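Please look at the sequence and the structure below before you read on.

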Amino acid sequence: VNLRPDWIVCLAGTNDARLHGRSPTKTLVSIEETERNYGMLRHYAATQTAARWVWMTPPTVIEQKISSHWFLGQFQLAWRNADLAAVAAAARRQKGPVVDLQGVFGRPAEEALLLEDGLHPSLAGQKAIVRALLERLA
């Protein structure tokens, strides 16, 4: 907010849906808390800037690749597309335009759009994100 942006693009919530352990019982943050956090972020920006706001849903992932990844797997980290879909639904309920990255990435995500870990967008994925943003704003 100190930079007085004209636009704020918010892609948040992927890590809220993170799971820990071999038999996780819950996501890191509840969907209700994610939704409250979205509201807090929007309020924070709206009270200090005149920026236009755009929401982005978290992209889908390739669950099997995450669990077998050399780094993510050893720390027993996981993400499920079902949990990310709930976060995406919360993003879609926010006021303002929404870029649906779950539709862009597919369900499950297209392999070429993610790095080998199955979680983080590849260069092709980053380009798809920017393209979807520009198309939504056009």
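A residue is called buried when its relative accessible area is under 20%, exposed when it is over 50%, and partly exposed in between, as found with a 1.4 Å probe and with protein chains only. By this scale Lys65, at 25% relative accessibility, counts as partly exposed. The model is predicted, so local features need a pLDDT of at least 70 and side-chain atom pairs count only at pLDDT 80 or more, while totals for chains, interfaces and linings use all residues. Residues are numbered from 1 along each chain as its sequence is written, and side-chain values use heavy atoms, with hydrogens and water left out.

**Salt bridges**

- Side chains of opposite charge can pair when their charged atoms come close.
- The structure holds five salt bridges, a salt bridge being a side-chain nitrogen of Lys or Arg within 4 Å of a carboxyl oxygen of Asp or Glu.
- One of them joins Lys65 to Glu111, with the closest N and O atoms 2.9 Å apart.
- This pair links distant parts of the chain, since Lys65 belongs to helix H2 and Glu111 to the loop between helix H4 (101–105) and helix H5 (123–137), 46 residues apart; helices here are DSSP runs of H or I with at least four residues, strands are runs of E with at least two, and both are numbered from the N terminus.
- Glu111 counts as exposed because its relative accessibility is 51%.
- Glu33 and Arg36 also meet in a salt bridge, at 2.5 Å from N to O, and because they are three residues apart in helix H1, about one helical turn separates them.
- Arg92 forms a salt bridge with Asp100, the closest N and O atoms being 3.3 Å apart; Arg92 is partly exposed at 37% relative accessibility, and Asp100 is partly exposed at 30%.

**Two threonines in one loop**

- Thr57 is found in the loop between strand S3 (52–56) and helix H2 (63–68), and Thr60 has its place in the loop between S3 and H2 as well.
- Thr57 counts as buried because its relative accessibility is 0%, and Thr60 is buried with a relative accessible area of 1%.
- The side chain of Thr57 makes a polar contact with the side chain of Asp100 at 3.3 Å; a polar contact is a pair of N or O atoms within 3.5 Å, where within protein one must be able to donate a hydrogen and the other to accept it, and residues adjacent in sequence count only if both atoms are side-chain atoms.
- A polar atom of the Thr57 side chain also lies 3.3 Å from the backbone nitrogen of Gln102.
- For Thr60, a polar atom of the side chain lies 2.4 Å from the backbone oxygen of Gly106, and the side chain reaches the backbone nitrogen of Ala109 at 3.5 Å.

**Packing of helices H1 and H3**

- Helix H1 (residues 31–46) and helix H3 (residues 81–92) pack at an angle of about 35 degrees, with their axes 10 Å apart; axes are lines fitted to C-alpha atoms, for helices over the stretch in contact, and angles run from 0 to 180 degrees between N-to-C directions.
- The contact, meaning heavy atoms within 4.5 Å, is made by Ile31, Thr34, Glu35 and Tyr38 of H1 and by Ala86, Val87, Ala90 and Ala91 of H3.
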